[in-house]
Amino acid sequence: MNWYGRSLVSGCLAALAGLASLTAQAQAQSYPTRSITMIVPFAAGGPTDVIARIVTGHMAQTLGQTIIIENVVGAGGTTATTRASRAANDGYTLITGHMGTHAASVPLYPNLAYHPEKSFEPVGLLAGTPILILARKDFPPKDLKEFVAYVKANETKVNAAHAGVGSVSNVSCELLNSVLGVKPVGVPFNGTGPAMNALVAGQVDYMCDQIVNAVPQVNGGTIKAYAVATPERNPSLPNVPTTAEAGLPAFQAQAWNAIFAPKGTPPEVVAKLNEAIVKALDDEAVRKRLLDLGSVIPAGADRTPAALGKLVNSEIAKWTPVLKAVN
Ligand code: MLT
């Protein structure tokens, strides 16, 4: 091909690239024009599902499109997170991830098919979720001191329910068990929704779960709560002592839930989604539902995509040495 031919081809390619970028820009500006799928990496009815449904219910109004929740379970939330990382980066497939899928899974799964920082665009934090030590209602210990003594004395007989390796419930109880120096049997479920049903039915002994899954059950007297693993008591369960008050200050744990989009999702789309999250978190009805379930609503500065990116980075740095030491 001569010089003229070559410059004609490169001119055409440049024009096509320009056209593609204009189309992508126009698509991002008109986003969303159809329904959005929100992947929830655990069973319906559990804490991630509940928080995702509360917040996306309001986001859908702001965005003018339906947000369809799809529960994709397995491998402590990493099956769904892998799937979300491979979805088209057009804003129509998102995931509500958490401290497990987007931090603790990194040291726990050496062959993880995604990386929380490299495979996703952080969109926005939805809620902080304090961790509680819970047990079936007829579990013999009456308080946390008795629980500690009982679990130490019966370590080979008791079991702890969780939502799969790397889930919040698994990681939190691993931390608790390492503080106590015990290795009870773990009983995995597809989420702490079904794990809670087993706890209520008395089929498992104890569990470390996010508060939103526990408030209705604790208040209804169907399970017992020994302590909340945060520095302050939670207003939704004012009679439940902190782990420090109850004699186990070394056990501190709070999880979080947040929305992520596949890497390369246009910044305009991420900004629209983030705006919708912020609006939802400022809505009185949404706030009431989240607070009634004991969640911690992120403050203004913690709601940006950049703040979520920093949180993921610091949580990976925090959990990696802890979980390596526990293992
Ligand atoms: C769930 O929604 O089932 C939980 O977030 C699971 C967990 O991580 O413990």
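So, P32: this proline sits in the loop between α1 (3–30) and β1 (36–40). The bond joining Y31 and P32 is a cis peptide, with omega at about -5°.

Quick word on what we're looking at: this is a predicted model, where local features need pLDDT of at least 70, side-chain atom pairs count only at pLDDT 80 or more, and totals for chains, interfaces and linings use all residues. Numbering runs from 1 along each chain as its sequence is written, and side-chain values use heavy atoms, with hydrogens and water left out.

A75 isn't a glycine, yet its phi is positive, about 50°. For background, most residues other than glycine have a negative phi, and most peptide bonds are trans. A75 is in the loop between β2 (67–71) and α3 (78–85), and G74 is found in that loop between β2 and α3 too. Leaving aside residues up to four places away in sequence, G74 touches T79 and N190; contact means heavy atoms within 4.5 Å.

Okay, helix pairs. α2 (residues 47–63) and α10 (residues 284–292) pack at about 175°, axes 10 Å apart. The axes are lines fitted to C-alpha atoms, for helices over the stretch in contact, and angles run from 0 to 180 degrees between N-to-C directions. So α2 and α10 are roughly antiparallel, the word for angles over 145 degrees, while under 35 is roughly parallel, 65 to 115 roughly perpendicular and the rest oblique. On the α2 side you've got I51, I54, V55 and H58, and on the α10 side V286, R289 and L290. By class that contact has five nonpolar, one polar and one charged residues. Nonpolar here is Ala, Val, Leu, Ile, Met, Phe, Trp, Tyr, Cys and Pro; charged is Asp, Glu, Lys and Arg; the others, Gly among them, are polar.

Now α7 (residues 192–200) with α8 (residues 211–220): their axes come within 11 Å and cross at roughly 25°. That makes α7 roughly parallel to α8. T192, G193, M196 and V200 of α7 meet N213, A214 and Q217 of α8, which by class gives three nonpolar, four polar and no charged residues.

How many residues of domain 1 are in contact with domain 2? It's 29, against 26 residues of domain 2. The buried area between the domains is about 1,900 Å², with carbon and sulfur atoms giving 70%; that's accessible area (1.4 Å probe) lost on putting the two parts together, summed over both. P47, L293 and V326 supply 28% of what domain 1 buries against domain 2, more than any other three residues.

How values were computed. Helix = DSSP H or I, 4+ residues; strand = E, 2+ residues; numbered from the N terminus.
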